[in-house]
Amino acid sequence: MNTMKISVLLFSFLLTLWSCKQGVKDSEKSDAISQDVIDQNSKNLNDWFEAQFQETVSKSPMTQTYLGIKTDDYGKWDDISSKKVAQDHERAKERLAYLKDSVDVSKLNQAAGLSYKLMKQDLENTIKDYQYRFYDYPINQMHGMQAEIPAFLINMHRVGDQKDALAYVSRLNGMKTLFEQVIENLKIREKNGILPPKFVFAKVLDDSRNIITGQPFDKSNEESTLLADFKGKVKKLELSDEEKNELYAKAKKALLESVKPAFENLIVLLEKQQQRATTEDGCWKFPKGSDFYNNALKRTTTTDMTAEQIHDLGIKEVARIHNEMRDIMKQVKYEGTLQDFFKYLKEDKKFYFPDNEEGRKAYMKQAVGLIDTMKSRLDELFITKPKADIVVKAVEPFREKSAGKAFYQMGTPDGSRPGTYYANLYDMEAMPIYQMEALAYHEGIPGHHMQISIAQELQDIPKFRKYGRYTAYIEGWGLYNELLPKEIGMYSDPYSDFGRLAMELWRACRLVVDTGIHAKKWSREEGIKYYTDNTPNAESDAIKMVERHIVMPSQATAYKIGMNKILELREDARKKLGDQFDIREFHDVVLTNGAVPLNILEELVQEWVASKNREAVASK
């Protein structure tokens, strides 16, 4: 081969090599630009999410207080008028249009894509649900405004200085206008055929009358609930006696001139509605009641399960748990039927603290001990743990008669107000010792406190996801965490383990009774009988639970549906990963994305399993 040919071939080779290198560089540049576009689009969308969140919060003084934010609105209440609801509906449509028309999902990173999917689904559901905006009871024995508004002042409105105290007075003065809106909302609902059943009225009337009992409303020796709360908070301030007395005088004036007429006007309407109310309990009585209930089940469970499927699942779960209870009966050498054992647990005093002040103190001390013990075991089960602390409190006397058995109140994101596990000690026979562990794990640690606090403390997701509320996820996690401690050796007492099963049984019965009342037209009495026949709980528990089903259709189905899904996902992941499965990593997947619908949770777990498998292959 001559020199000329060699030179040409060499030049051609070098040109090809240079072209290849340029191609790689151009490709890398293209990838970099593509990633830049993805990063910028994701940032733009997250900025938009933040702007929407801030806009919503700015229009809700109560949300600001829940979040520990103090602005010039600290002394105001939310606008709860039907006009405001209509405005929110139009805003939801505008936001959905923006997401559909202005966001290219293909140019978002994975986290922003998930946020997009969640927001879009939430907005679509909100818009679709507008037709059912009057299908609730603003005044009810569970979360009615007659109790929630005073509880908000007592538990949420912090008084750190004179300005905060004046904001408290401002809210007292604002209750007259707020309750005018409540009354108008009740009237609109009644015109639309939405009226609570008769049993509700006696309870909410009692709550309402309790608030305007005591000084300055009457000449009794006891101060009213709100006056006592206000004075207790002001006494801690570094103010002169003259300044404090001036604040007390303003509060008393507000209580007499605004709070009293607000509640009196509400009482007048409730007494009239009580006369018109019926004993029909299910929401089947509403116009398009069946459609409403089926939609409520979809929203609550975040599944497509029908009322019939949920009812049947409940019956099967009740039978399974009954069999596990019989195994515990053998452990404690109890001879007799399961019903006999239920009766024994209900009637033997050794399973209950005394119904007096000493008994209540003993319950609280043991509840705190359970939380503290569980804190020391968290590293075995979790990687991510909340920074926020948790406290245990008894439900306040003014609402303990109608409030639920136990519940959790979230703290503030900055930790200035801890999360609170509330135990209702009104009826000590409804709070058996053998259920204490399960209750503490569900409401406190590792249940709602970890889940909600971790979500609030997440740094890399939009705020709307930090405060997301998917009942099946939230309550499913709570119920799952009644079982989880057993897997690390808790529930050493078989009676406590029976208590855990009793709590799970209670949630299984909910599937049966909620659908029974709202889809099968069961009466309140039939629902109560199902609970007393199938569980060891006190009749007072059964009554409260059935009355909760009635005023909160579908809500109570979330617990068991959510728990079952989390367990199903966990066991599927364990099966697929084998030795690679780490319970702590699984819990991180569940907890570090905020609350999500169950279908999204399934996608997240499947994605984690796939990534673990890829890592295992790559390491070989």
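A contact here means heavy atoms within 4.5 Å. The model is predicted; local features need pLDDT of at least 70, side-chain atom pairs count only at pLDDT 80 or more, and totals for chains, interfaces and linings use all residues. Residues are numbered from 1 along each chain as its sequence is written, and side-chain values use heavy atoms, with hydrogens and water left out.

The chain holds 24 helices and three strands. Both are DSSP runs numbered from the N terminus, helices being H or I with at least four residues and strands E with at least two. Along the principal axes, the C-alpha atoms fill a box of roughly 120 × 65 × 55 Å. Of the 620 residues, 53% are buried. Buried means under 20% relative accessible area, exposed over 50%, and partly exposed in between (1.4 Å probe, protein chains only). The accessible surface is about 28,700 Å², computed by the Shrake-Rupley method with a 1.4 Å probe. Carbon and sulfur atoms contribute 51% of that surface.

Charged side chains number 90 positive and 94 negative. Lys and Arg count as positive and Asp and Glu as negative, while His and the chain ends are not counted. The centres of the two sets lie 2 Å apart, each charge being placed at NZ of Lys, CZ of Arg, CG of Asp or CD of Glu.

The three strands form an open sheet with mixed pairing, in the order 1-3-2. Strand 1 (390–394) and strand 2 (406–409) are the edge strands, and each pairs on one side only. Neighbouring strands are turned by 20° against each other on average, direction ignored. Pairing requires at least two DSSP bridges between two strands. Strand 1 and strand 3 run parallel and are joined by five bridges. Within this pair, isoleucine 390 has glycine 419 as its bridge partner. Strand 2 and strand 3 (residues 419–423) are antiparallel, with four bridges. Here phenylalanine 407 stands opposite tyrosine 422. Tyrosine 408 is bridged to tyrosine 421, and glutamine 409 to threonine 420.

Helix 13 (residues 357–375) touches strand 1 and strand 3, and its direction makes about 160° with that of strand 1. Helix 15 (residues 436–443) touches strand 2 and strand 3, and its direction makes about 25° with that of strand 2. Axes are lines fitted to C-alpha atoms, for helices over the stretch in contact, and angles run from 0 to 180 degrees between N-to-C directions.

Strand 3 is mostly covered, with five of its five residues buried. Gly419, Tyr421 and Ala423 point one way from strand 3, and Thr420 and Tyr422 point the other way. In strand 2, Ala406 and Tyr408 make up the covered face, whereas Phe407 and Gln409 form the uncovered one.

Helix 16 (residues 448–457) is largely enclosed by the rest of the structure, because ten of its ten residues are buried. Among them are His448, Met450, Ile454 and Glu457. Serine 611, in helix 24 (residues 598–618), is partly exposed, with a relative accessible area of 21%. The C-alpha atoms of serine 611 and tryptophan 477 are separated by 24 Å, and the two residues stand 134 residues apart along the chain.
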